[in-house]
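Me: Hi! Could you walk me through a few spots in this model?

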Amino acid sequence: MGSRVMILSVLMTLTFPSSSCEDEQLKLNEVRYECVCEGMSCEGKDRCSGQHCFASLIINEGLPDYQKGCFQVYEQSKMTCKTTPSADQAVKCCQGYLCNMNITVQLLPKGKLQQGAALNYNVTTLTVVVIAPVIVLIIVSMVTVLILRKLHQNQMQRLNAREVEYGAVDGLIASNVGDSTLADLLDHSCTSGSGSGLPFLIQRTVARQITLMECVGKGRFGEVWRGQWQGESVAVKVFSSRDEKSWFRETEIYNSVLLRNENILGFIASDMTSRNSSTQLWLITHYHEAGSLYDYLQYTTLDTVDCLRIALSIASGLTHLHTEIIGTQGKVAIAHRDLKSKNILVKENRHCCIADLGLAVMHSQCTNHLDMGNNPRVGTKRYMAPEILDESIQVNLYDSYRRVDIWAFGLVLWEVARRTISNGIVEDYKSPFYDLVPNDPSFDDMKKVVCVDQQRPNIPNRWFSDPTLTSLAKVMKECWYPNPSARLTALRIRKTLTKIDDSFNKFKTEC
């Protein structure tokens with residue numbers, strides 16, 4: 001039995017080599033090259049720097065679209081450079097100084113395309129016939145290993161149940177979102193390692209197939225439309241030209257960081273497209289009919305269950321953003337920098353997801369590099385923390401931006417708690433500091449209220465007669481400390497809210 005397991009292990013190693021280790025080594029040894037840049041995405045520059053240079057040709061609305069440039073992300077170049085030429089699109093990649101200057105890209109004639117498809121079919125059939133018995137053996141071996149591992153885990157649970165419980169509480173699980181055709185496409189591409197969206201060329205294809213149905217919101221960044229893709233509703237955020245850097249930043253983060261989490265807005269695609277003789281910047285995401293938390297609270301009151309559900313889901317999303325996860329399916333730490341009720345969306349099950357990463361900063365412990373992006377826009381003044389208003393924030397420290405998010409979370413929690421019914425009483429929706437500053441406060445207005453006068457949002461007396469709202473008020477106050485380092489972390493907030501939720505459920509059961 002032992003010899004059989006060893007033989008099967010060798011077969012598994014030969015058949016499925018550890019690509020992740022090789023990929024990591026390639027990433028470390030990869031050199032950046034200067035490349036020729038031509039096309040709409042070059043922002044007026046004729047040079048760019050990346051790990052691969054490319055030249056592409058895509059038939060867009062019957063017209064050829066030639067582009068040249070570079071790939072910044074290793075996984076993106078790895079996937080796109082392997083794209084098979086077709087009658088509609090082709091891409092060539094190279095490595096070297098200005099190596100794509102003289103590259104000529106040609107589409108595959110339709111006749112050759114059919115011959116290639118037939119040849120590919122024959123090779124595939126032969127491969128299946130030869131390798132099928134080996135795959136069956138491997139599957140049987142894997143099932144055996146999984147059974148043995150399960151038995152081992154059960155034994156460890158009996159021996160050390162406390163340690164297993166701790167791991168279950170603190171583990172971060174990236175949940176797949178949705179069960180529709182579009183979600184299946186996203187789940188299939190998730191293994192590519194290229195972030196939470198689709199490969200670059202597929203993103204452009206999806207964008208061209210979307211029909212805009214109705215405008216559901218407008219703001220300083222542009223407009224949000226409900227669109228349809230193959231019968232499914234999607235949200236299309238159309239950025240104005242003056243906010244191009246926010247679009248570029250959000251696209252960069254979604255395409256380079258694995259953000260698949262049920263409490264982070266699901267990303268589908270991003271594209272720079274031409275509509276009505278003008279260039280439009282599109283960010284395509286999952287669509288949530290209830291809209292933003294800000295809009296939702298205007299006309300909806302909450303019971304205690306909904307209040308805790310909303311608060312806990314926001315805290316879970318913020319924990320996922322703030323935490324760096326090491327591994328092939330990991331992510332860097334991210335601080336949002338513009339957290340507010342308008343940037344949080346309410347899902348059908350009354351859980352929430354965090355949106356709008358146009359101002360986010362990224363940090364990696366391995367390199368200790370703080371990626372601030374290239375967006376001069378600042379966050380929303382009403383939600384600014386004291387250290388931003390008095391300009392004492394340590395701009396080169398990632399934790400500074402994480403603590404700014406915690407301050408803003410406390411304000412959002414206050415907005416939610418006001419709309420929660422207790423003893424038949426509930427307050428009207430109001431924005432934070434509504435009674436202290438005008439509707440569109442200036443930087444100086446907020447600085448006087450928050451830093452000089454040390455004011456904080458008012459806690460209504462009725463909250464102290466409700467144990468859940470009393471506990472939430474305590475969490476808020478610990479988010480509003482003037483000293484940033486004294487504020488709670490997102491993980492601690494999530495654990496505290498989980499305990500409050502468990503206490504409430506236990507109280508309901510006893511009653």
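Reply: Happy to! This is a predicted model, where local features need pLDDT of at least 70, side-chain atom pairs count only at pLDDT 80 or more, and totals for chains, interfaces and linings use all residues. Residues are numbered from 1 along each chain as its sequence is written, and side-chain values use heavy atoms, leaving out hydrogens and water.

Me: What does the UniProt annotation say about K237?

Reply: The unreviewed UniProt entry annotates K237 as "binding site"; such annotations may be inferred rather than shown by experiment.

Me: Where is K237 placed? And is K237 buried or exposed?

Reply: K237 lies in strand β8 (residues 232–239), strands being DSSP runs of E, at least two residues, numbered from the N terminus. With a relative accessible area of 13%, K237 is buried (under 20%; exposed is over 50%, partly exposed in between; 1.4 Å probe, protein chains only).

Me: Which residues does K237 touch?

Reply: Not counting residues up to four places away in sequence, K237 touches F221, E223, V224, E250, L281, W282, L283 and D356. Contact here is heavy atoms within 4.5 Å.

Me: Switching topic, where is S422 found?

Reply: S422 sits in the loop between α12 (398–418) and α13 (443–452), and is buried at 4% relative accessible area.

Me: Which side chain makes a polar contact with S422?

Reply: That of R462, at 2.6 Å (a pair of N or O atoms within 3.5 Å, one able to donate a hydrogen and the other to accept it). Beyond its neighbours within four places in sequence, S422 contacts R462, D466 and L469.

Note on methods: Helix = DSSP H or I, 4+ residues; strand = E, 2+ residues; numbered from the N terminus.
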